Protein chains: 2
Amino acid sequence: MQSAQLNKEFNEKNRCSECNIRPYSFCRCLQEEKLKEFSNISSDKKFQDKTNIFLQQDDAKNIYNITEGNVKIYQLIDDGRIQIIGFLYPGDFFGSYKNGKYNYCAEAIGDVRVCVFEQKKLDEYVDKNMVLAKELLNQTSHELTLAQDRMGVLGKLDATERLAKFLINISEQRKRIGWQNNPLSLPMTRQDIADYLGLTIETVSREVSKLKTSNVVKVLSAKQIYINDFDKLSNLSK
Amino acid sequence: MQSAQLNKEFNEKNRCSECNIRPYSFCRCLQEEKLKEFSNISSDKKFQDKTNIFLQQDDAKNIYNITEGNVKIYQLIDDGRIQIIGFLYPGDFFGSYKNGKYNYCAEAIGDVRVCVFEQKKLDEYVDKNMVLAKELLNQTSHELTLAQDRMGVLGKLDATERLAKFLINISEQRKRIGWQNNPLSLPMTRQDIADYLGLTIETVSREVSKLKTSNVVKVLSAKQIYINDFDKLSNLSK
DNA sequence: GGAAATGTTTGATCTAGATCAAAAACAATT
DNA sequence: AATTGTTTTTGATCTAGATCAAACATTTCC
C-alpha cells in the first residue's frame, strides 16, 4: 500500500482548505495547546483489517481519531441488513460524544491506527478548553451537513446518480487533503459501496460497467478507477 | 388548532427525559444565565403557512429556534426533486452554525413563531459562554444521531417499515415532550410524508390503507391517526 | 504453482414501488 | 348548498433495481 507515504503527506496539512474544518488534526491542535494534559486523556491503538473497533450495542465510552488507514461505520438494521454511514479517513473522528450506546458499528478497512479519547475525560477537558469545545462543535456541524446531503442521495437519487456522486465526492475529498485523486484508489469493496449507496452489489457493478462503456472512467482494477471525463461524471451526479 | 395550549405545556418542561438534551429550551437556558446579553443577540419573528424562512442557496446568517408551530427543512436536488430532512417542533433548532450557504430550505408548516439568532453574534457569545458552547455541541450531536438513523431508513427499509417507523417515532417524540400521542395529529401533508420517507404520495397512501385494513391504525381523518396496536406497528418498523 | 476462497461481473427473471389516470373526499368561497 | 380547488385514495400499468444464478478474476496460502 501507498498509505504510509500519503499519511505522512497528509499530516503536513492540517485543515481542509474548503470548509476550514476538516481534517483538523485534533491531536496536533491539542499538542500545540497543552501537550501534557492531552497525553493524559488519549492513547494509541491499532486494529487489523475487518476487526470491529466497537459495535452498535456497546456502551459508548470513547471517541476515536484516525491516525492511519480507513474505517467504515455502519448501522445494523436487523437480520443482517447493513447501511454504511460513512467511510472515514485519517483526521476523521468517530465514536460518541454522548453517554449511552454507540449509534453505529465501526470496523477497520485494512490496518488502522487510531488515537483513543476516553469520553468522560475528554468531556472534563472540554469544560476547561473553549478552543477544543468550538472545534468539536465545528466538526460535528460539518458531519451533520454531510449526513443531510446523504439523505438526499439515499432518498431521491437513482443508481447512476448515486455512483457518480460517490466518485465525485471521493475525488474532491482526496484533492482537498492533497492525495492523488486520479486514478482514484477505492479502499472499500463493491459490497461496501453498495451498502453505502443503498444499492446491491450487482447494481453497483453494472453502473461501473456503464461508466466504463460510455468512456467516463477507465477501470484499471476493481479498486483503481481512472476518471476520463470529470465533467460528464459531474453531470451524471446531479 | 390545539397548538397554543400544547406549546404552553411544552414550555413547562425543558429537557427530553430520554436523551436529556432536547427539547432544551435554549432561550430559557440563556435567560437564566444572562438575560441582558441574550436579548441583544436574538429577536422574535413570525412566519405564515408555506412561507420560506430561508432557501438553500441563501447566505447563512441566522440560527433559529422554534417557539410555536412546525417547520420542515428540505434539500432541493434539482428540477424539483425534494428530500425532506426533518419536521421540526417547538424547541428545535435550525439554520446554520457555519458561514457559507444554508444546506437546506426551511418552510413554515402552519403559522410559526421563531427566535432568531444572528450567527455571528451568537458565535461571539458562545466564545464567552462555555455552558452555551456545550449545549450547542450536545444539540448538534443529537441531531447527527437522528440523521444517521435516517440513513438506515432511506437506504435499507421498505415502504411498510418506513411508514411504521415514522409513526412510531412521532408517537414517541410526542410522548416524550408530553403531547397527546394517540390519536396522532400529523401537521404535514401526505406529500410531505412521502418526501420525508423517500417514497411517492401514492405509496404512502397505500401503506396507510394497509395499516387500516389490518387494523393496526384507525384513520380518523387524513391528519388524525389513532394507533390501535402499538406492538404490531412496532414490529413492522424493524 | 495450483487449489481454495473471496470478490467481481454479466445474464435472466421478478417485484416493490413508481408512474399514469381517474375517482372520491375534504376544504374554502360565495 | 353549489362551485371550485386541493388533497387523498384507489386502480392499472410499467420499470429500475432486486434477486437468483453462473461465469470470471483476483487473492490467499499450503
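## Basis

This is a predicted model: local features need pLDDT of at least 70, side-chain atom pairs count only at pLDDT 80 or more, and totals for chains, interfaces and linings use all residues. Residues are numbered from 1 along each chain as its sequence is written, while chains are lettered from A and ligands numbered from 1 in the order in which they are written.

## Chain A overall

Chain A holds eight helices and nine strands. These are DSSP runs numbered from the N terminus: helices are H or I with at least four residues, strands are E with at least two. Of its 238 residues, 40% count as buried. Buried means that 20 or more other C-beta atoms, placed from the backbone, lie within 10 Å of the residue's own.

Among contacts in chain A with a separation of 6 or more, 70% come from residues 24 or more positions apart. Two residues are in contact if their C-beta atoms, placed from the backbone, lie within 7 Å.

## Helix α5 of chain A

Helix α5(A) spans residues 159-176, 18 residues in total. From first C-alpha to last it reaches 26 Å, close to the 26 Å expected at 1.5 Å a residue. The expected span is 1.5 Å times one less than the number of residues. G178(A) follows the helix, with a positive phi near 80°.

The buried residues of α5(A) are R162(A), L163(A), A164(A), K165(A), F166(A), L167(A), I170(A) and S171(A). Their cover includes helices α4 (130-156), α6 (190-197), α7 (201-213) and α8 (230-236) of chain A. Strands β7 (184-185) and β9 (224-227) of chain A also contribute.

## A sheet in chain B

Three strands of chain B form an open sheet in the order β7-β9-β8, with antiparallel pairing. The edge strands are β7 (184-185) and β8 (217-221), each pairing on one side only. Strands pair if DSSP finds at least two bridges between them. Two bridges join β7(B) to β9(B), residues 224-227. L184(B) stands opposite I225(B) in β9(B).

## Two copies

A rotation of 180° with 0.0 Å of shift along its axis superposes chain A on chain B, RMSD 0.0 Å. That is the relation of a two-fold axis. The same surface serves both copies: 100% of the contact residues of chain A recur in chain B. The superposition is by least squares on C-alpha atoms of residues with pLDDT of at least 70 in both.

## Surface near DNA strand C

Around DNA strand C are 18 residues, of which R190(A), S205(A), S209(A), D158(B) and T203(B) come nearest. Elements giving two or more residues are α6 and α7 of chain A and α7 (201-213) of chain B. The largest share, six residues, comes from α7(A). A residue is near a strand if its C-beta atom, placed from the backbone, lies within 6 Å of it.

Definitions and conventions
A residue is buried if 20 or more other C-beta atoms lie within 10 Å of its own, exposed if 12 or fewer, and partly exposed in between; C-beta atoms are placed from the backbone.
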